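Subject: Structure handover and findings

Dear colleague,

Please find below the structure that I am handing over to you. My notes on what was found in it follow.

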Amino acid sequence: MKVASVLIPLPVPEAFDYEVPEAVALARGDQVAVPLGPRLIRGVVAEVRETTGSNRRLKAVEQVLDDPRLPERTVDFVEWAARWTLSAPGEMAAAALKGLRAPRPRPERRVRRVGERSPAKLTAARAAVLEALGPRSMPGPDLARAAGVSSGVVKGLVDEGVLEVVEIEAVAAFDPPDPDHAPASLNPDQAAAADAIAEAVTGGGFAPFLLDGVTGSGKTEAYLEAAARTLKTDPAAQVLILLPEIALTQALIERIAARFGAAPAEWHSGVAPPKRRQVWEAVQAGRCNIVVGARSALFLPFVNLRLLVVDEEHDGSFKQEEGLVYHGRDLAVARGRIEAATVVLASATPSLETLWNAHQGRYGWLKLAARHGAAVLPQISLLDLRQAPPDPQTWLSQPLREAIGETLARGEQTLLFLNRRGYAPVVLCRACGHRMTAPDTDSWLVEHRYTGRLVCHLTGFSMVRPKLCPSCGAEDSLVSVGPGVERVEEEVRQLFPEARTAVFSSDTAPDGKSARALIQTMAEGGIDILVATQAAAKGHNFPHLTLVGVVDADLGLRGGDLRAAERTFQLLTQATGRAGRADKPGRAVLQTWTPEHPVLMALAAGDRDAFVEAEMAEREAASLPPYGRLAALILSGENAAAVDKVARELAGSIPNAERLEVYGPADAPLALVRGRRRKRLLVRADRDVDLQGFLRAWLARVKIPASVRLNVDVDPYSFL
Ligand SMILES: [Zn+2]
């Protein structure tokens, strides 16, 4: 008897077995309908094997669906990713099928001539229609426009049977990229990097690289050149480029279109589902060569993936924390290994994990030192707020104000960077000290002046700012404490009423379209002073920007988690690197109360190596990543007692293990979210410990009731 293991989109740790009927031929990756209880459910065949009798009766596969088969290596990847993240393999498989679940694009309705039939009465308008149409087919409205007539004329010809309406199935055509369309001229560093990557691709086999170069050093040209040479040697090759932010995709798509004479496919949550389905099908059929996308593009069914680029690899946005918990960069490296492909991790400020791998010789290390074109790196200075404190209830000190004024007078642009949305991060009562929090979450409410509401950034809860303190009832006693971007912009407008100012945050640019519009206005010089969160610190090119002011350089350093210093260094490097990209030298001013902090000193000295060395030494001393590994178990539920009970049971059944410690259970840093209690256990292990194996053995010992949810986060990034 033949048995198929089928991955089903349910939170179960294994595939389910089904009997394969005699007449049915099945292969790994096939999509099937299988019975589960009273219903049929879609699954992916993980394995087909021959068995000699079994003591349990298996249900049979009901039907082989005629949807495309998942390529073998895509199934390998799905199974590996599930094991690595301790996720249900069926749910990982569902992630790989997501594009296929979208509706097909509606077929396009076009009109065409029926044979040589002519209308009974040939008016001038009708003649114009037939002339414009010729032997082709066209959408009716387009035809009417081309002929310069009303759509009624076209409809009349259809009614008379001279024209007919046909429905054309929309099959997305992805024009093949032309590697020779418009090659960039590369400097020697870029050429050497492109050579190394292209040689690795041609040589075949898994080859990971760190492409390491300061902002504006031309990393994109280098990896696009490598992609071009990949496509030259193998026109069927597929290239995937991952970006951390949807807002960055449009600029890259335009560059690729200019370089290759054909636009790449685009894949992220902002792409309409029918369009995503077309991309999925084209990738699976090998009809699409270059895909630009967000981390979820990793799950596309590539058939000939040769080159995988993770741009801005250090960016925390690659970590997905809702639903399936995974790090896009780590999974990209794994996918590259499974596909025997070349992987390029590109960054101006690589993550410590990636630098460590490069140091160990596990990744090839390609350095771009020279800056492309005439631009020079900005001069970075620390502004000691103890020497020049801002006036009460203002946030910009006098020296920074003067620098902004000078920049404005020269007709150049300023970016003020503050990684805090809204108007004020805390609202509290002057009378009793009560801090405004959301009713079912213990994070503080952030005041938003544009909308006049208090908003929880964690859950999205919002309320009108109350007149009375909800705790003591005092009237007009609530005060806004500290600045967000909106408040800094208010100060800027008072100081420079003639300047054109704007705020760039996820509130003012909530989607890709509005972000692009704002970026374009800034790039074209339509804004003098932009006050921005980290949304603006990533990869944009603003040629007239010559001053970056960091309002609170200490902000990230107060985060209290393992990567706080690293993240601050990366973010501030990216933000300050925005200044002076074209022919104008730039400068960056960092306001700080702690100019002696090693992170800020390294930043001011432009000394990444010094920062990395100091930070690595601290991590090594504590055996933290990249010298050790972490995993978090987050328990949550509405019933606090049930959550506590499971947490205690877990703590009481830790398997014996060496070179590994478990901390907790403790309240998670946000102990209450959407009315759910949260407890956390944290595991630290030496690098060579089988962390996943330990977690599996541990979790097998405890039965978790349905009322408590367990989230496993391997290599956690956020400590919320
Ligand atoms: Zn009060």
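**The hairpin and its strands**

In this predicted model, S30 and S31 form a hairpin with two residues between them, and Arg-674 in the turn has a positive phi of about 50 degrees. Helices (H or I, at least four residues) and strands (E, at least two) are DSSP runs, numbered from the N terminus. Strand S30 covers residues 660-673 and pairs with S31 in the antiparallel sense over eight bridges; two strands count as paired if DSSP finds at least two bridges between them. Within this pairing, Leu-672 has Arg-677 of S31 as its bridge partner.

Strand S29 (residues 628-637) also pairs with S31 in the antiparallel sense, over ten bridges. Here Gly-637 stands opposite Arg-677 in S31. Strand S31 itself (residues 676-686) is mostly covered, with nine of its eleven residues buried, where buried means under 20% relative accessible area, exposed over 50%, and partly exposed in between (1.4 Å probe, protein chains only).

Two conventions apply throughout. Residues are numbered from 1 along each chain as its sequence is written, and side-chain values use heavy atoms, with hydrogens and water left out. As this is a predicted model, local features need pLDDT of at least 70 and side-chain atom pairs count only at pLDDT 80 or more, while totals for chains, interfaces and linings use all residues.

Strands of a sheet pair through backbone hydrogen bonds, either parallel or antiparallel. Strand S6 (residues 108-113) and S8 pair in the antiparallel sense over six bridges, and Val-111 stands opposite Val-165 in S8. Contact means heavy atoms within 4.5 Å. Axes are lines fitted to C-alpha atoms, for helices over the stretch in contact, and angles run from 0 to 180 degrees between N-to-C directions.

Another open sheet of three strands has the order S21-S22-S23, again with antiparallel pairing. Strands S21 (446-448) and S23 (462-464) stand at the edges with a single partner strand each, so one side of each is left without a neighbour in the sheet. Neighbouring strands of this sheet are turned by 30 degrees against each other on average, direction ignored. Strand S22 (residues 453-455) and S23 pair in the antiparallel sense over three bridges, with Arg-453 opposite Val-464 in S23.

**A helix pair**

Helix H15 (residues 564-576) and helix H17 (residues 608-621) pack at an angle of about 165 degrees, with their axes 11 Å apart. That makes H15 roughly antiparallel to H17 (angles under 35 degrees count as roughly parallel, over 145 as roughly antiparallel, 65 to 115 as roughly perpendicular and the rest as oblique). The contact is made by Ala-565, Glu-566 and Phe-569 of H15 together with Arg-608, Phe-611, Glu-615 and Arg-619 of H17.

**A buried serine**

Ser-347 lies in strand S16 (residues 342-347). Ser-347 is buried, with a relative accessible area of 1%. Leaving aside residues up to four places away in sequence, Ser-347 touches Leu-211, Asp-212, Gly-213, Lys-219, Glu-313 and His-314.

Yours sincerely
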